[in-house]
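Hi,

Here is the structure I promised to pass on. Please have a look at it first, and then read my notes on what turned up.

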Amino acid sequence: MTNTNEHAALSTPEATAVPWPAVATVLVGMFMAILDSYIAIVAGPAIQSDLRATDGELQWVLASYQLAYAVFMITAGRIADLHGRKRLFMLGIVVFTLASIACAVAPSPGVLVAARIVQGLGAAMAVPQVFGVITLLVPPAGRHRVFGVLGVVMGLATIGGQLIGGVLVGADLFGSGWRAVFWVNVPIGIVTLLLAAKYVPESKAAGARRLDVPGVAVLTAALFLLTFPLIQGQEAGWPWWTWACFAASLVAFATFVFIERRVGDPLMNLALFRLRSFSLGLVLVICVYALLSSYYLALSVSLQDGLGLSALESGLVYVPTAVVFFISGLVAGRLAPKYGRRVLEAGSIIVTIGYLSAAVLLLTIGEMTPGLVVPTLMLQGLGGGLLITPLLNSVLARIEPDAVGMASGALSTAQQVGAALGVAVVGAVFFTSFRPDVDGPAQAAGHGFAAASLGVFVIAVIVTGLVFLLPRTRVSR
């Protein structure tokens with residue numbers, strides 16, 4: 001296949017058919033990357049027992065992936081603009097797959113943490129290219145539908161990570177135990193590489209000339225100083241150094257803005273943030289992923305540590321929600337071209353009602369059971385499908401082809417920062433109220449999950465307000 005600076009097929013407005021083989025290939029990469037943020041949570045107790053890891057080491061097994069993932073994504077998006085999106089996507093899948101093998105055979109917590117860092121770097125190389133390839137490859141008429149499918153894939157990876165992790169750990173395939181959650185990436189990664197080589201065309205940004213190295217260095221430091229205390233602060237009890245990191249991150253971000261305004265070929269074109277759909281959309285993405293990550297973490301802890309369910313049993317609780325989310329997301333992809341922002345509005349309102357209903361039920365009854373929370377989870381899944389699937393297209397709708405890489409990196413980074421922020425804030429609320437030694441397991445689960453539901457309800461109200469500020473019109477480039 002011929003490589004060009006901007007492959008003609010990627011932006012031809014006359015094209016009408018969605019190239020599903022190429023789209024499906026990059027979506028698999030996205031699914032794998034998001035799944036590994038959540039699947040290891042379910043395997044955590046088994047990892048700790050088998051490797052005799054301390055609580056701190058286990059925390060790093062979970063956090064190191066997210067940290068590397070969040071810090072490198074904007075840079076990876078810009079490198080792809082320069083050297084080719086297909087090339088960096090495939091390199092990311094190779095790194096991710098090899099690191100998954102290293103995770104699966106890790107003999108100690110230290111080796112597992114190191115492999116998880118490399119795995120996060122591989123995910124950071126691949127994920128921004130998914131948004132870029134879709135935005136450039138899919139004609140405007142089909143973009144709502146494809147972003148709807150993308151939203152479904154991302155939501156199912158988030159929700160389904162708990163189920164898939166529970167199934168793999170419980171199945172103990174070939175005596176592999178928790179290691180199966182990493183082995184499963186290997187055949188999928190190999191197939192994804194073969195399909196990408198065949199179906200995904202190469203593309204670069206026509207105006208990109210060189211990498212803004214000072215910008216990379218300062219932005220990397222800024223993102224690290226922001227995400228590291230978000231990930232580690234709760235476990236450490238929010239000591240002074242966490243707040244020092246936050247303060248230093250503000251200085252680093254201000255320095256980054258100063259540099260980018262004076263660079264001819266910037267890492268991040270600050271003019272993008274003048275687009276209300278993009279700047280407001282990034283804030284929405286941060287808030288939405290703060291909801292999802294924190295809530296499902298609280299749910300998993302409540303089900304396993306509170307109610308004593310196994311990893312598989314707790315994973316099965318997610319099944320009805322995943323089904324509703326899947327159907328709702330596909331419907332949203334079809335409704336968005338006609339109704340635009342109204343679909344997002346409906347989704348945000350339904351999600352908000354879902355979180356509030358969970359809090360009210362748990363506070364009224366006092367104890368938690370799976371049968372009590374599943375209906376509220378399904379309501380949240382209904383709203384989440386309507387909200388998340390059109391949101392991605394809203395953020396990227398007005399982005400020009402040359403800026404797709406940096407915009408995609410920013411969007412992916414916003415997801416990870418939002419997840420870390422939600423776990424830090426709502427996690428603190430949840431663990432303050434979750435006291436099984438004092439209240440008893442079932443009541444502690446009820447109290448803790450009710451507190452988490454109230455916390456995400458507040459964030460959902462903010463999300464709803466922001467949705468009503470988005471531009472009404474749908475833009476087709």
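In the second largest pocket, α16 gives the most to the lining, with 5 residues. This is a predicted model, in which local features need pLDDT of at least 70 and side-chain atom pairs count only at pLDDT 80 or more, while totals for chains, interfaces and linings use all residues. Residues are numbered from 1 along each chain as its sequence is written, and side-chain values use heavy atoms, with hydrogens and water left out.

Back to that pocket. It holds about 520 Å³ of space and has 18 lining residues, with I74, L223, F253, F273 and L282 nearest its centre. At least two lining residues come from each of α9, α10 (240-260), α11 and α16. By class the lining has 17 nonpolar, 1 polar and no charged residues. (Ala, Val, Leu, Ile, Met, Phe, Trp, Tyr, Cys and Pro count as nonpolar, Asp, Glu, Lys and Arg as charged, and the others, Gly among them, as polar.)

The largest pocket has a volume of about 860 Å³. Its lining comprises 29 residues, and Q59, L62, L297, V301 and F431 are the closest to the centre. Two or more of the lining residues come from each of α2 (20-51), α3 (55-83), α9 (213-236), α11 (276-306) and α16 (404-433). Here the classes are 16 nonpolar, 10 polar and 3 charged.

For the set-up: a pocket is an open set of points on a 1 Å grid over the protein atoms alone, where a 1.4 Å probe fits, with protein on both sides within 12 Å along at least five of seven lines; lining residues have an atom within 4 Å of a point. Points are joined across faces, edges and corners, and a volume is the space filled by probe spheres set on them. Helices are DSSP runs (H or I, at least four residues), numbered from the N terminus.

α5 (residues 109-137) has 29 residues and reaches 41 Å from first to last C-alpha, close to the 42 Å expected at 1.5 Å a residue; the expected span is 1.5 Å times one less than the number of residues. Of its 29 residues, 23 are buried (under 20% relative accessible area, with exposed over 50% and partly exposed in between; 1.4 Å probe, protein chains only). L137, in α5, is buried at 8% relative accessible area. L137 and F326 lie 189 residues apart in sequence and 24 Å apart in space, C-alpha to C-alpha.

How far apart are the end C-alpha atoms of helix α13 (residues 319-339)? They are 29 Å apart, which agrees with the 30 Å that its 21 residues should span. There is a kink of about 30° at G333, shortly before the proline P337; the bend is the angle between axes fitted to the seven residues ending at a residue and the seven starting there. Among the buried residues of α13 are F325, G329 and G333. After α13 comes G340, with a positive phi near 55°.

Two residues other than glycine also deserve a look. R52 has a positive phi near 55°, sits in the loop between α2 and α3 and is exposed, with a relative accessible area of 77%. W238 has a positive phi near 55° too, but lies in the loop between α9 and α10 and is partly exposed at 25%.

Best wishes
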